Amino acid sequence: MALNSDGLQKRVRCVLLVLSGKGGVGKSSVSVQLALSFLSLGKKVGLLDADLCGPSIPLMIGAHGKNVQRGPDGWLPVRAGPSASLSLMSVAFLLSNKDDAIVWRGPKKTAMIKQFLSDVQWGDLDILIVDTPPGTSDEHLAVLEGLRGHPVYSAVLVTTPQAVSVGDVRRELTFCHKTGTKVLGIVENMSGFVCPHCVECTNIFSQGGGESLAKECDIRFLGSVPLDPSLALTLDKDRDFSCAATEGPAEAALRHIAEILLKEMNEDANVAQTS
Amino acid sequence: MAENGVTGVPQDCPGTSTEQAGKASPCQGCPNQALCASGQAQVPDPAVQQIKERLNGVRYKVLVLSGKGGVGKSTLTAQLAFGIATDESKQVAVLDIDICGPSMPRILGLDGEQVHQSGSGWSPVYSEDGIALMSTAFLLSSAADAVIWRGPKKNGLIKQFLRDVDWGETDYLIVDTPPGTSDEHLSTVQLLSAAKIDGAVIVTTPQEAALQDVRKEVDFCRKLKLPVIGVVENMSVFVCPKCKKESQIFPPTSGGAERMCHDMGLDLLGKVPLDPRIARCCDEGRPFLTEVPDSPACTAYRDIVQRVQRFCEAKPEKPKAME
């Protein structure tokens, strides 16, 4: 029996997986920024951090140190973000000492992720974003198994321009193909750095790999996101949502990507409803 | 973590080696219940001794770890290998146990190579500099092939890599790992428990988002009693090639690796600045360490190589037999 597929199917309109074969390309940063962009577009959003060994979402969204509460029907997601409107779940919320390592083998990781999908009271959401660890293993299979039966789930793939990254993302595309996961497009992150002193743009992590991969695999290229230390800074410290911050180039690029993704997911959801 | 490598145990675990193993009430729902109840958890894995024998010819074994992905583990592994290999009297080998994302073949210029079996086991693939490499990538028929394996199957391959690869007489075996603290890491440490790991180098970048994962990795090393050689802070600063001014692309909001090492009693082996030529060399399979000797990143890497070697080679030799 698919776990709580009923609840997720009825109450969560779309699920968006943020994937990459490669670590450190910015999946969590992209997940957080997409979530905030969807919120600003008036959507009800949840964000599930399925990276059990390296859960980054709480820090990036300013929810570091929070703990999860149990309600009568299951876990209540942690509320964070602007006006606490974002519903979050991460294994980080379950740790009493945040520096403790989660040293779990596959079966226990699988069980935890399935619980996150079945036992968390997500409520009515327009979009549930699932941030994943790098790779194509237990966690990814667990997420797909937990979503079995959901009519609208798709993925966005994140890469950097380097061949080393693109090589892993090519494998992730194969994973999506083999598991029947629709890929909405590829985001190329860390795409160039503009020196704040002299405005020279340097391609620190090589150039063009994401766009080439998208062309090679006939997948939509959603856009490039530049390296932006101001966003890195924002995602690294306690975030204050009470005052409006200036939008930097990376945030602007990701907001544009969010608009494209929202349009695609809405179309898929409308088709699913009428069929 | 319980003994015999069984992990994921419940809080009131009766002990995987006890009579109650798998049969007590806290065992209900534990993923290891069947294993414990069958008594298999108590039998030591014969592979551990086989691996010890296989690795008798390997002098030093170093793991390159990080809790965080994308901080430059594979890049550092390659520079360590290139650095040690510049001494022609030393033989270096690299084992790439990142099964889902094997980067080492590309970085060492061995993309597209295949592995061969010989009478003495699997032969590693040799680079132009004489570095021996084993990687899952050599077992895939195409670059797009995905390895969609759960933990147990990954563990099986790691066991094969450690038991069946014929490294020959090797001074250094450097093991590149995927990010995290899971099956690959546990299996490698457990399977090498008799062969002994000399130490681990932990890689991070300066920002808190990386350090919070790296602290977990240090916790992992301490739980498994794995010696930590030290920490490398990668992507420290960026020097603009045009105006030569410095920028911090990954700001050290919580004091960077320096502060973490101070707080946790670890050695900071070095800070490597960002240099776009590193990424280019890795992509093209060229040794950055020898091709771009004027880069400050190169100086930093060389220092790190020396410090790692000093740590390993400072250990006392086995006492000679009494005459």
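Buried area is the accessible area, found with a 1.4 Å probe, that two parts lose on being put together, summed over both. In this predicted model, the area buried between chain A and chain B is about 5,000 Å², and carbon and sulfur atoms give 58% of it.

## The interface

The interface brings 59 residues of chain A into contact with 64 residues of chain B. On the side of chain A, the residues A:Val103, A:Arg105 and A:Arg171 supply 16% of the area that this chain buries against chain B, more than any other three residues. Across the interface of chain A and chain B, 3 salt bridges are found. In a salt bridge between B:Arg215 and A:Asp99, the side chains meet at 3.9 Å, N to O.

## The sheet of chain B

Chain B contains an open sheet of 8 strands with mixed pairing, in the order E5-E6-E2-E7-E1-E8-E9-E12. Strand E5 (125-126) and strand E12 (268-271) of chain B each have a single partner strand and stand at the edges, so one side of each is left without a neighbour in the sheet. Within E12(B), B:Leu268 is the bridge partner of B:Val231.

| Helix of chain B | Strands touched (chain B) | Angle between directions |
|---|---|---|
| H3 (residues 73-85) | E1, E2, E7, E8 and E9 | about 170 degrees with E7(B) |
| H11 (residues 296-313) | E1, E7, E8, E9 and E12 | about 165 degrees with E12(B) |

## Nonpolar cores

The largest nonpolar core has 93 residues, and those with the most contacts inside it are B:Leu76, B:Leu95, B:Leu108, B:Met134, B:Trp167 and B:Val308. Helix H11(B) gives the most to this core, with 8 residues. Leaving aside residues up to four places away in sequence, B:Val308 touches B:Val62, B:Leu80, B:Val201, B:Ile229 and B:Leu269. Another core, of 87 residues, lies apart from it and includes A:Ala35, A:Leu59, A:Ile61 and A:Trp122.

Helix H6 (residues 183-191) of chain B is mostly covered, with 9 of its 9 residues buried. Among the buried residues of H6(B) are B:Asp183, B:Glu184, B:His185 and B:Gln190.

Helix H11 of chain B also holds B:Gln306. This residue, B:Gln306, has a relative accessible area of 45%; because a residue counts as exposed over 50% and as buried under 20%, B:Gln306 is partly exposed. From B:Gln306 to B:Asn234 the separation is 72 residues in sequence and 17 Å in space, C-alpha to C-alpha.

## A covered strand in chain A

In a regular strand the side chains alternate between the two faces of the sheet. Strand E6 (residues 86-90) of chain A has 5 of its 5 residues buried. Both of its faces are covered: A:Leu86, A:Leu88 and A:Ser90 lie on one side, and A:Ser87 and A:Met89 on the other.

Strand E2 (residues 45-49) of chain A runs parallel to E6(A), joined to it by 4 bridges, and A:Leu48 stands opposite A:Met89. Strand E5 (residues 78-80) of chain A runs antiparallel to E6(A), with 3 bridges between them; here A:Val78 has A:Leu88 as its bridge partner. E5(A) and E6(A) form a hairpin with 5 residues between them, and A:Gly81 in the turn has a positive phi of about 80 degrees.

Key
Residues numbered from 1 in each chain as written. Chains lettered and ligands numbered in written order. Predicted model: local features only at pLDDT ≥ 70, side-chain atom pairs only at ≥ 80, totals over all residues. Heavy atoms only, no water. Pairing = 2+ DSSP bridges. Helix = DSSP H or I, 4+ residues; strand = E, 2+ residues; numbered from the N terminus. Contact = heavy atoms within 4.5 Å. Axes fitted to C-alpha atoms, helices over the stretch in contact; angles between N-to-C directions. Core = buried A, V, L, I, M, F, W, Y, C linked by side-chain atoms within 4.5 Å. Buried < 20%, exposed > 50% of the residue type's maximum accessible area, 1.4 Å probe, protein only. Salt bridge = Lys/Arg side-chain N within 4 Å of Asp/Glu carboxyl O.
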